[in-house]
Amino acid sequence: MIVRAKHAVPEQVREYLGAVLDRDRSSALSTVDRMLESKKDMAEAFNLLAAAQVEIGEMWAKGIVSVADEHFATNVTLECVDIVSERLSRPRVRRRGLAFLCTVEGEYHLVGLKMFSELLRDQGWETVILGSSFSAESLSRRADALRGRRVDLLCISATMPSCLPLLVDTLEAIRTVPAYSRASIIVGGHAVTSRRWRDALSHGRDGALADFLARGYESALKFAASLNR
Ligand code: B12
């Protein structure tokens, strides 16, 4: 498919989009191979894949592509995230601690979280992606398997603004679970841009509900790097 967009879309993104929308997985993977010849930075390569996903969202909202096209593209993009991280991750320098990552209850957008997990891993964190739609109760159950070990960093992704009330409940409850009592908490994702979210997460019963709020991953990575020095 020839992809035409009103705004500027980098050529590599356009090529990748054309391939995934033609349902041509191997050509999409070859595009990523070529992308990796010029992009040596993991975050930069992820930005191109993210731009493709956003473009697919626009096309889906306008009825140009179907839900099935979006599912196919997202699956290939998740595969490409693995390829990029395998090819560009640096030898591990240090162990920073254990990071758990999930999306908030009711949230099923997982790609941004997966990218953030790979970037954290490259920074030396041991990362575990728990999955989508996690409440405090399900987070607590997952911590049972740690047998006394504690989580150092909990990252929660939120795209849909409608998830805010459940996120507030989760964060209020999670601080009382011993495995998370010392964890730094980052809430990231598109929903965090709104003033309402920032206000709600900046105040809780005993102070701020989250330690760091991030729309994108750059500032969150700096925050994570500042921990456990
Ligand atoms: C793929 C997709 C889906 C897939 C997700 C599959 C999967 N396994 O992830 C499925 C089919 C499940 C889906 C469902 C829906 N979707 Co959808 N989806 C998308 C799409 C096309 C791409 C998402 C994506 O991969 N983006 C790329 C990633 C990299 O971007 P990102 O998630 O924003 O992450 C970035 C930052 O936010 C940050 N980040 C994200 N998480 C975290 C976490 C931390 C800790 C940090 C530090 C940073 C961080 O990192 C990334 C940096 O680039 C978007 C379009 C778009 N604009 O994103 C629509 C989009 C998000 N979806 C939308 C909608 C409306 C829906 C549905 C309501 C559709 C429906 N009627 O059912 C449901 C809601 C489901 C739910 N409750 O979660 C709208 C949301 C509008 C809004 N804000 O309200 C969008 C914007 C499409 C559109 N243009 O209208 N969707």
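# Helix packing, a cobalt site and a pocket

Let's start with helix α5 (residues 111-122) and helix α9 (residues 217-226): their axes come within 11 Å and cross at roughly 35 degrees. Keep in mind that this is a predicted model. Two other things to look at here are the cobalt atom of the ligand, which has His109 as its only protein donor, and the largest pocket, with a volume of about 1200 Å³.

**α5 against α9**

- The crossing of α5 and α9 is right-handed.
- On the α5 side, the residues that meet α9 are Met115, Phe116, Leu119 and Leu120.
- Their partners in α9 are Tyr217, Ala220, Leu221 and Ala224.
- That contact is made of eight nonpolar residues, with no polar and no charged ones.

**α2 against α4**

- Helix α2 (residues 25-38) packs on α4 at an angle of about 35 degrees, and the two axes are 10 Å apart.
- This pair also has a right-handed crossing.
- From α2 come Arg25, Ala28, Leu29, Val32, Asp33 and Leu36.
- From α4 come Phe72, Val76, Glu79, Cys80, Ile83, Val84, Arg87 and Leu88.
- Sorted by type, the α2–α4 contact has 10 nonpolar residues, no polar ones and four charged ones.

**The cobalt site**

- You'll find His109 in the loop between β1 (97-104) and α5.

**The largest pocket**

- A total of 35 residues line the largest pocket.
- At least two lining residues each come from α3 (42-61), α4 (67-88), α5, β3 (153-157), β4 (184-188) and α9.
- The largest share of the lining belongs to α3, with eight residues.
- By type, the lining splits into 20 nonpolar, 12 polar and three charged residues.

Terms used:
Residues are numbered from 1 along each chain as its sequence is written. This is a predicted model: local features need pLDDT of at least 70, side-chain atom pairs count only at pLDDT 80 or more; totals for chains, interfaces and linings use all residues. Side-chain values use heavy atoms; hydrogens and water are left out. Axes are lines fitted to C-alpha atoms, for helices over the stretch in contact, and angles run from 0 to 180 degrees between N-to-C directions. Helices (H or I, at least four residues) and strands (E, at least two) are DSSP runs, numbered from the N terminus. A crossing is left-handed if the near helix is turned anticlockwise from the far one by less than a right angle, and right-handed if clockwise. Contact means heavy atoms within 4.5 Å. Ala, Val, Leu, Ile, Met, Phe, Trp, Tyr, Cys and Pro count as nonpolar, Asp, Glu, Lys and Arg as charged, and the others, Gly among them, as polar. Donors are N, O and S atoms within 2.8 Å of the metal (3.2 Å for Na, K and Ca); water is not among the atoms, so sites may look incomplete. On a 1 Å grid over the protein atoms alone, a cavity is a set of points where a 1.4 Å probe fits but cannot get out, and a pocket is an open set with protein on both sides within 12 Å along at least five of seven lines; lining residues have an atom within 4 Å of a point. Grid points are joined across faces, edges and corners, and a volume is the space filled by probe spheres set on the points.
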